[in-house]
Every structure is written in C-alpha cells, then in structure tokens.
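Me: Hi! Could you walk me through the pockets in this one?

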Amino acid sequence: MRRVAQVIRVLPEKVDEYRALHRDVPQPVLDRLRACHIANYSIHLLGDRLFAQYAGDDLAADLALMAADEPTQAWWRLTDPCQEPVAEAGTGERWASMEQVFLME
C-alpha cells in the first residue's frame, strides 16, 4: 500500500464553501473512492492550506478510474474553484505531492 500526502491552497473567500461541500460529499463520489481502493482518506485545513492524506495499492490505475467517473467530475467542478495550486506544484499539478520523511507504523 502506498501512502500519499498532498497540499493545495484554498482560496480564503471559499473556505466556508469548501467546508460546507465536505459536510455532505455525494454518496456516488464516496462509492467511487472506495471502489478505487482509496483508504484512510482525510483532508485537513491550516490557514489557507489543505492537506490531504490517503493510501492505495495501484494509484495510477485507480486515480484514472476516478478521473473518468462523471459523479467525481461533477464533484470536482464544485471543489476546484475553491482551490489553487501552491507555488511548489509541478506543471499541470493541482494538489502538490509531499515527500514523506518519517513514518511510524
């Protein structure tokens, strides 16, 4: 299982909207996450930064399935306008991947 940690900026004027959206994530989106073997998924907020953490086995294949899913695409159309990539994000990357420097299991 591969662990992933990512960061993105939430627009200050969109923080309340982003929180509200995540209080009621549509069931088809949650079902797709589970079907794509995404486990232990959480998003945390600090200031204007969102930190996401999750784990999966074949993330490249599973994330491609998620991207092709219409309910997930509709969800992203709601959440994406609340966010902007951080300066450290690579070209074309929304959520910037973070380097794991420590893990205790």
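Predicted model: local features only at pLDDT ≥ 70, side-chain atom pairs only at ≥ 80, totals over all residues.

Me: Great. What volume does the largest pocket have?

Reply: The largest pocket comes out at about 800 Å³. Its lining has 27 residues, and the closest to the pocket centre are Leu33, Tyr41, Met66, Trp76 and Trp95.

Me: Handy. How do the lining residues of the largest pocket divide into nonpolar, polar and charged?

Reply: There are 14 nonpolar residues in that lining, along with eight polar and five charged ones.

Me: OK, switching over. What is the volume of the second largest pocket?

Reply: For the second largest pocket the volume is about 190 Å³.

Me: Which residues line the second largest pocket?

Reply: Its lining is made of Arg3, Val4, Ala5, Phe51, Gln53, Met98, Glu99, Gln100, Phe102 and Leu103.

Me: Where does the largest share of that lining come from?

Reply: From E1, with three residues. Strand E1 (2–10) and strand E3 (49–56) each supply at least two residues there.

Me: Last one: how many nonpolar, polar and charged residues does the lining of the second largest pocket have?

Reply: By class, six are nonpolar, two are polar and two are charged.

Notes. Residues numbered from 1 in each chain as written. Heavy atoms only, no water. 1 Å grid on protein atoms, 1.4 Å probe; cavity = no way out; pocket = protein on both sides within 12 Å on 5 of 7 lines; lining within 4 Å. Points joined across faces, edges and corners; volume = space filled by probe spheres on them. Nonpolar A, V, L, I, M, F, W, Y, C, P; charged D, E, K, R; others polar. Helix = DSSP H or I, 4+ residues; strand = E, 2+ residues; numbered from the N terminus.
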